[in-house]
Amino acid sequence: MAAPSLPSVNAYSADSEVILHAQIEAFYYEKFMALRNVDLPIYKNLITTFIGPSGCGKSTLLKCFNRLNDLIPQTRLQGQILFKGRNVYHPLEDAVVLRRNIGMLFQKPNPFPKSIYNNVAFGPRIQGYRGDIDEIVELSLRRAVLWDEVKHKLKENALSLSGGQQQRLCIARMLAVQPEIILMDEPCSALDPISTNQIEALIQELKQHHTIVIVTHNMQQALRVSDMTAFLNTEMKEGSRTGELVEYDRTHIIFHQPKQEITRQYVNGNFG
Ligand SMILES: Nc1ncnc2c1ncn2[C@@H]1O[C@H](COP(=O)(O)OP(=O)(O)OP(=O)(O)O)[C@@H](O)[C@H]1O
């Protein structure tokens, strides 16, 4: 089933505010250089997608933004990631606080094996929130368009929900701690078309209050949901295939009038 065409409320303009900025000279897994020369501003309240062939470093780049790569031993970033002008890799920056501001949604929904309620209440509780947790749980579930489906069974285990519901629950769990930025790594690839439509519609809603960055292999999804698209590809460098940013622009330009021939080939499915 084709997803409905969704209206874009916010759009890029020359004075769009840069909220995140990757200025990466190189990123290494041990000695392997996975990314090189990526200079990529992310604009506030827009949806940006990363596209490119498998292994070009889309997920690696995404995980630089909230320092999730720090959890992998022997990784190293040369360069900086600016979040509202501050380098998140500065030794005095707190990665835990950063990940609260820059939340992440994964390919496979990963709710905690707890009740639906406790999944959403978890973040506010560990932050020591003193207000009405019931209210935050309801609001977050409503914003994730899940409330009507679960309001009568909040004490049931989250793992009893369908895949699409679990993914919306993970979104509600993230919204409960009010992140400014939401990173999504192929958020719909494990979902059926109806759940995919629901998540895509939700992503459009969320950009009113959040900045969203999505890795996707689905060209149609990038075209449907995003304002900006970055195309990455690999280049043979010093004996290994290193990811590079080829082209970054408004999504309609990347898909219909790209500057690089290789981008045109990729978005048209004629890629070697
Ligand atoms: N934990 C890791 N240790 C070592 N190398 C890694 C690790 N994670 C990723 N890589 C390598 O880094 C490169 C980029 O991987 P990454 O997952 O970022 O690419 P991707 O574009 O997201 O790929 P895909 O579309 O297949 O998910 C690949 O060569 C990959 O093998």
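**Ligand shell**

Helix 1 gives the largest share, three residues. Helices (H or I, at least four residues) and strands (E, at least two) are DSSP runs, numbered from the N terminus.

The model is predicted, so I kept its limits in view: local features need pLDDT of at least 70, side-chain atom pairs count only at pLDDT 80 or more, and totals for chains, interfaces and linings use all residues. Numbering starts from 1 along each chain as its sequence is written.

I then listed the residues around the ligand. There are 13, and Tyr29, Ser54, Lys58, Ser59 and Thr60 come nearest. A residue counts as near if its C-beta atom, placed from the backbone, lies within 6 Å of the molecule. I sorted the shell by type: five nonpolar, seven polar and one charged. Ala, Val, Leu, Ile, Met, Phe, Trp, Tyr, Cys and Pro count as nonpolar, Asp, Glu, Lys and Arg as charged, and the others, Gly among them, as polar.

**Helix 6**

Next I checked helix 6 (residues 163-175). Its 13 residues should span 18 Å at 1.5 Å a residue, and the end C-alpha atoms are 18 Å apart, which agrees. The expected span is 1.5 Å times one less than the number of residues.

Is helix 6 mostly covered or uncovered? It is mostly covered, with 12 of its 13 residues buried. Buried means 20 or more other C-beta atoms within 10 Å of the residue's own, with C-beta atoms placed from the backbone. Among the buried residues are Arg168, Cys170 and Arg173.
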